[in-house]
Amino acid sequence: MTLNGWLQIAIMLALVVLTARPLGIFMASVMQGKSTFLHRSVRPIETRLYSLAGVDETREQTWLQYVASLLAFNAAGFVLHYAILRLQGFLPLNPQGFGALSEHLAFNTAVSFVTNTNWQSYGGETTLSYFSQMVGLTVQNFVSAATGMAIIVPLARAFSRANATTVGNFWVDLTRVTLYVLLPLSIIMAFALIALGVPQNLSNYVDATTLEGAKQTIAQGPVASQLAIKQLGTNGGGFFNVNSAHPYENPSIWTNTIESWAIVALALALAVAFGRMIGREREGWALLGVMMIFLLAGCAIAYWAEAAGNPFMHAMGVDGGNMEGKEVRFGIPQSAVWATFTTGASNGSVNSMHGSYMPLGGLVPLVLIQIGEVVPGGVGSGLYGIVVFAIIAMFVAGLMVGRTPEYLGKKLEAKEVKMAMLAILIMPAFILGFSAVSAVLPVALAGLANPGPRGYTEILYAFSSAAGNNGSAFAGLTANAPWYDTTLGIAMLACRFGIIVPVMAIIGSLAAKPRLAPSGGTFPTDGALFVALLAGVIVIVSGLEFFPALALGPIVEHFQMLAGKTF
Amino acid sequence: MVRNTYKSASLDKSLLLRAVVDAVRKLDPRLLIKNPVIFVTAVVSALVTTLFARDLLTGQPAAFSGQIAAWLWFTVLFANFAEAVAEGRGRAQAESLRKTRTESSARRLPDPKNRDRQETVSALDLRPGDTVLVVAGEIIPGDGEIIEGVASVNEAAVTGESAPVIREAGGDRSAVTGGTTVLSDWIVVRITSSPGSSFLDRMIALVEGAERQKTPNEIALNILLAGMTIVFLIAVVTLTGLGAYSGTNIAVTVLVALLVTLIPTTIGGLLSAIGIAGMDRLLRFNVLAMSGRAVEAAGDVDTLLLDKTGTITFGNRLATEIIAVPGVSEREAAEAALLASLADGTPEGRSIVMLAQEKYGLAPPTAVPQGSFIEFSATTRLSGIDLETRKLRKGAVDAVVKFAGAKQAVAEPTAFRAAVDRIARAGGTPLGLVDGDRLLGVIHLKDVVKPDIKERFAQLRRMGIKTVMITGDNPVTAAAIASEAGVDDFVAEATPEDKLRYIRNEQAQGRLIAMCGDGTNDAPALAQADVAVAMQSGTQAAREAGNMVDLDSNPTKLIEVVEIGKQLLMTRGSLTTFSIANDVAKYFAIIPALFVASLPELGALNVMGLATPESAILSAVIFNALIIVALIPLALKGVAYRPIGAAALLRRNLLVYGLGGLAAPFIGIKLVDLAVSGLHLV
């Protein structure tokens with residue numbers, strides 16, 4: 001660990017906090033349909049889209065209609081995406097002549113991109129045509145992110161409205177975040193990346209002869225355009241197999257800085273936007289504060305564990321931190337930051353291989369995923385996820401101060417608690433359920449690359465990543481097989497929409513309630529105590545769920561390492 | 001103020017004995033299923049018992065599974081026991097109530113106008129609308145409204161207060177309660193309740209907990225606990241597969257032990273005891289809540305509406321000072337006031353006599369002075385005394401001035417008028433004092449605010465509750481009293497409609513309102529308020545409209561009601577936190593024990609240094625069972641409420657029950673482990 005390393009981490013953390021407010025203010029304006037500087041150029045496109053789709057933007061939906069629209073839209077996206085992947089061979093922009101994906105891989109990939117997971121059982125440059133990348137993947141990168149972000153609009157309305165039956169219009173919310181936020185930001189970022197050396201072409205792959213005389217095929221493609229939304233939309237599905245560790249996806253420290261920033265920028269800014277939309281910006285900052293505590297702790301632990309290095313290597317006379325699976329041009333601090341951001345934010349892109357981390361260093365991304373992808377989580381999904389935790393926290397805290405629990409002026413009653421528990425339950429059910437089966441199923445064990453606890457962690461990580469809609473992999477697991485493709489796909493679907501539906505039910509229920517005025521007996525939710533309480537509840541709830549499972553993986557591996565045991 | 005009529009039956013031997021029996025009786029699955037956490041515990045206890053039996057039959061070592069099974073059953077029994085103890089306390093009260101509910105006969109009047117035609121029927125045959133005659137010495141056969149007559153009634157059966165109260169037709173004192181006794185005179189009562197649903201019946205049912213419905217917060221908490229139970233079920237069941245990866249075969253007994261120690265059995269076991277004890281505490285304050293929902297709502301109250309008279313002030317205006325005009329000594333004026341009030345039996349008159357004696361040191365006349373007393377009349381608005389040479393009068397200022405002027409036209413002294421104005425501005429009532437044609441001074445009559453009330457309002461403010469005074473006084477008077485009593489707001493010249501409007505307005509702004517009332521004209525406002533405490537002495541209409549009845553008819557008791565409501569919720573929240581925080585230590589006890597064979601490195605997690613894997617697991621289970629018993633007193637007594645603001649309160653409770661819940665089991669399990677290994681139990 002060096003001062004330089006800590007400074008790099010501090011700068012990255014400061015950067016993402018600094019941009020949260022301006023971005024948040026802008027997004028709040030867009031989501032509330034207020035006029036912004038983009039209004040003149042984008043508004044005509046927006047209205048044109050509504051008239052083409054036959055959407056009446058003034059007609060609001062109940063929570064059920066809203067969630068039905070959302071599910072229908074995503075189902076259609078899945079069918080389209082699946083069709084593209086299966087028919088890839090007949091479609092244009094396929095210079096390498098890639099054939100159709102298998103049923104299970106196409107299912108897994110389509111689900112993966114629709115659910116904003118972007119788990120990749122395939123290697124992009126060896127499997128997908130440019131058409132599949134651009135029309136299939138990139139489109140889903142936009143709309144899956146927009147789906148998550150759209151939900152923040154009714155979420156804010158649930159608290160700002162009283163006795164309301166409607167929560168907004170899904171089509172309007174979806175269109176607005178796509179047109180005003182995701183598209184413009186992605187275009188700016190893509191051009192910035194191109195300027196910094198990321199390729200953007202539709203060329204054939206280039207064959208080269210290396211200095212050693214070996215033949216090497218260098219993949220090409222429209223990288224920059226997909227890269228921008230992959231980071232901003234917390235998608236994480238790399239253009240190339242090794243994701244942002246690839247020199248074309250992430251050539252320098254400058255692109256690395258932009259890409260790291262983009263992982264958490266929107267998710268953090270959404271917290272501010274949420275606060276503004278409910279008319280109490282401080283409430284948004286309190287949620288942001290909780291997110292930052294976890295990011296800070298994650299960066300610090302990962303950096304500490306990786307910089308401490310591997311005692312076995314030290315014994316062999318190789319000093320220094322653990323550089324296995326890390327890019328020399330980024331080093332340990334930037335790898336630790338990325339690993340923390342990408343798993344804290346349900347992004348899943350990587351600039352280093354998590355599977356090569358030290359046991360405790362690898363524990364950080366795993367835990368960040370398992371605590372529910374809420375710090376800050378995926379765009380939208382992280383925020384509504386943390387609000388679910390806030391509901392549980394405030395339910396218990398409300399009782400402890402002797403009042404019927406409330407959060408942001410809305411009473412929390414049986415229905416909210418029921419739906420919040422459903423949303424919280426679904427992740428451990430799928431992560432632990434599928435992991436337990438895979439841990440004994442021969443067909444699943446066949447996919448492991450490592451014996452001992454590391455192999456076990458590969459399984460646990462894969463299902464955590466899928467269920468958390470993260471998409472990063474603890475490299476080593478050969479996932480492109482019917483068992484993993486199918487079960488991971490199911491976990492992604494269940495944990496995306498199995499959370500969205502109860503969250504929307506909470507939104508509907510809260511919106512219909514009267515708003516309570518805060519009094520001296522109300523526990524304030526914009527202060528340090530609330531931040532500490534919420535952080536504590538997140539740790540305790542997910543810690544209690546996953547502690548036994550983690551004890552058998554990274555934790556025991558750590559103790560085994562200390563005891564000098566290898567596999 | 002508060003008489004503990006229903007002395008909570010202390011935890012005496014017979015009560016505990018009965019609770020033990022009830023705890024076993026409550027093993028009935030139909031009763032257990034109401035509590036998901038304990039039900040799960042019972043199911044897995046049965047499972048481990050079967051395994052124990054199998055071990056016994058196959059001759060395998062059964063000591064471990066036997067002890068685990070026993071302690072699991074103890075966990076269930078302790079939870080049942082907690083509930084039974086709480087119920088037992090209520091039952092003791094119900095029995096004392098039931099004694100008074102004897103089957104009596106009634107004199108029904110077929111024609112309410114004709115009291116001579118009576119027919120004797122059983123009280124059980126009375127229906128709402130029937131009229132009955134009740135004479136001295138008889139028990140009133142049912143709840144009702146007096147339509148004719150006036151009587152003194154002993155309501156000790158309901159209120160525990162043996163001093164008789166006057167009940168009369170018309171007005172706000174017309175309601176009578178079945179089971180109470182007429183001491184003198186007679187009354188004609190129109191029955192308003194059906195047999196079995198009278199006030200007393202409802203009271204018995206409430207006290208016994210027979211009608212206990214789960215309250216909204218309790219339902220929500222139960223869902224949370226059920227959710228946590230499912231989370232741990234998943235975590236424990238999947239552990240078989242996850243453990244198998246590293247070659248660990250985990251025994252079912254051990255898995256069950258892990259499950260039961262993780263699921264929130266502590267709060268699950270104490271939840272219903274907390275609810276019952278909350279109602280019981282309220283009852284000990286002589287407040288009868290019609291539902292648990294009302295008690296919970298009391299904890300949420302934001303605004304408290306209080307009638308001025310009788311609640312904030314004593315209800316009678318009292319003399320506080322005597323101001324003499326220039327040329328008259330204070331002592332002379334005081335003496336005149338004393339003489340003029342000697343025969344005045346009204347509270348105001350008596351307070352003048354008191355003031356003259358205490359403040360001005362006048363001795364009460366040894367003999368009644370010779371002269372004729374002038375009674376107060378509505379036309380003269382004066383009273384006083386005619387002595388040989390003096391004509392002393394006191395009364396309304398204009399009447400006094402007129403009295404003086406009628407004899408001799410004198411200019412009203414400016415000092416007199418100034419004193420009158422000053423008193424009026426301060427919200428008091430000026431009373432002129434005159435001797436013949438000579439104006440002597442002004443008596444300041446004041447609505448005296450109860451001495452401890454300001455402190456109580458300050459306490460409410462610290463609890464975050466706004467107090468609002470409702471009064472029929474004019475705004476000037478109201479403002480003066482409001483500032484003296486320290487209320488946050490007041491409604492002057494209030495009509496019943498004003499009250500209703502104020503409540504609706506506050507509710508529209510998202511506040512919860514509590515009020516108390518006794519009159520029929522309070523009924524609409526009581527019905528509108530979220531927490532409405534009706535006075536037992538009030539009318540039937542008021543009592544029907546309220547969701548609580550104060551048997552002592554003491555309006556300031558709302559403060560205690562609010563505190564009890566808060567306590568109820570706080571106890572649940574704090575024990576939930578405690579229960580969940582406990583799990584951390586249990587993991588550190590059981591996880592290393594589970595995998596010590598296949599993954600010995602996990603022994604590093606055994607931070608408590610527990611002796612053997614078996615003793616670690618058994619100790620965790622024993623601790624988990626014993627903590628329920630240890631917390632029963634807290635569940636019954638409730639977590640203390642302090643009006644220190646929500647954030648400070650939460651910080652405090654998190655510190656005690658959160659951090660305490662984290663630390664306690666580390667110590668507790670270690671101690672149990674020392675005992676278990678010391679006794680070689682496993």
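Reader: How many bridges join strand β13 of chain B to strand β14 of chain B, and which way do the two run?

Author: Keep in mind that this is a predicted model. Two strands pair if there are at least two bridges between them. Here, β13 (residues 391-395) and β14 (residues 429-435) of chain B share 4 bridges and run antiparallel. For one residue's partner, take B:Arg393: its bridge partner in β14(B) is B:Val434.

Reader: Which strands form the sheet, and in what order?

Author: Read across it in chain B and you get β10-β15-β14-β13-β12-β11, an open sheet of 6 strands with antiparallel pairing. The edges are β10 (313-324) and β11 (372-374) of chain B, and each of them pairs on one side only. On average, neighbouring strands are turned by 20 degrees against each other, direction ignored.

Reader: Which strands does helix α14 of chain B lie across? And what about α16?

Author: Helix α14 (residues 414-425) lies across β10, β14 and β15 (438-449) of chain B, at about 10 degrees to β15(B). Helix α16 (residues 475-485) of chain B lies across β10 and β15, and runs at about 55 degrees to β15(B).

Reader: Over to chain A: how many helices and strands are there, and how compact is the chain?

Author: Chain A has 20 helices and 4 strands. Its radius of gyration is 23 Å, close to the 24 Å that the globule rule gives for 567 residues, so chain A is as compact as a globular protein of that length. Burial means under 20% relative accessible area, and 64% of the residues of chain A count as buried.

Terms used. Residues numbered from 1 in each chain as written. Chains lettered and ligands numbered in written order. Predicted model: local features only at pLDDT ≥ 70, side-chain atom pairs only at ≥ 80, totals over all residues. Heavy atoms only, no water. Axes fitted to C-alpha atoms, helices over the stretch in contact; angles between N-to-C directions. Contact = heavy atoms within 4.5 Å. Rg over C-alpha atoms; globule rule 2.2 N^0.38 Å. Buried < 20%, exposed > 50% of the residue type's maximum accessible area, 1.4 Å probe, protein only.
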